[in-house]
Amino acid sequence: MVATNLKSETKSLMDQRATLEAEMNALIDTLSGPAGPGLSANLTDSEGFPRSDIDIPTVRAQRKRLAELRNDHKDITDRIHKNIQLLHSAKLPHNPDSKNQGTSAPYENHPMDVDPVVRIPFATIDEIAEDSPAAEDGLQLGDGIVKFGNVENGERLQERLVSEAQLNQGRPVSVVVIRRGAFLNLTVTPRPWRGRGLLGCHFLFG
């Protein structure tokens, strides 16, 4: 009963997170569009005066709302991760074959109600550029990163992920993500593009 309630609550949280992600994406598209000021660009010109090419009160309101959504997204993601940990610990004593299950089936498109062996994301994508390598290769805002190449868990995850991307520049990297409760296998190729880095997305760790 406890596990059933936890799964129900977790699914509800994932639905809430999906709603937040949709609003975040809409704001990011607006702010980062051709006529937009970007997510963090100055709202004043080179002489320190308010820019005349944008609606500054609207931009400030949009940025404030985006920051609020990111905070809410992090809180909900933390709750999802805690629930997943509880589900995992609750299942282990009753599942002696779990060691075999971890390698017997692919991760792709496993919804939570089929009780996969739960794997916990070590990072979440909280920013992604529309034409970046990450976006072009299938990563999305809100994806939980379960595995990136050889990086899966442990310490110094951010440093190791950056190193993994640099070492595999121009080569496909296997990535496992969790998206709306389903595990997906993707292939991402870190590569130079018009923006910063080799992926064009930002990871929230922890």
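This is a predicted model: local features need pLDDT of at least 70, side-chain atom pairs count only at pLDDT 80 or more; totals for chains, interfaces and linings use all residues.

Residues are numbered from 1 along each chain as its sequence is written, and side-chain values use heavy atoms, with hydrogens and water left out.

On a 1 Å grid over the protein atoms alone, a pocket is an open set of points with protein on both sides within 12 Å along at least five of seven lines; a cavity is a set where a 1.4 Å probe fits but cannot get out; lining residues have an atom within 4 Å of a point. Points are joined across faces, edges and corners, and a volume is the space filled by probe spheres set on them.

Start with the largest pocket. Its lining has 32 residues, and I128, A129, G200, C201 and H202 lie nearest its centre. Two or more lining residues come from each of α1 (2-32), β1 (123-128), α5 (157-167) and β5 (201-205). Helices (H or I, at least four residues) and strands (E, at least two) are DSSP runs, numbered from the N terminus.

The whole structure holds three cavities of 30 Å³ or more. M14, R17, A18, E21, G142, R179 and R180 line the largest cavity.

| Space | Volume | Top contributor to lining |
|---|---|---|
| Largest pocket | about 1000 Å³ | α5, five residues |
| Largest cavity | about 50 Å³ | α1, four residues |
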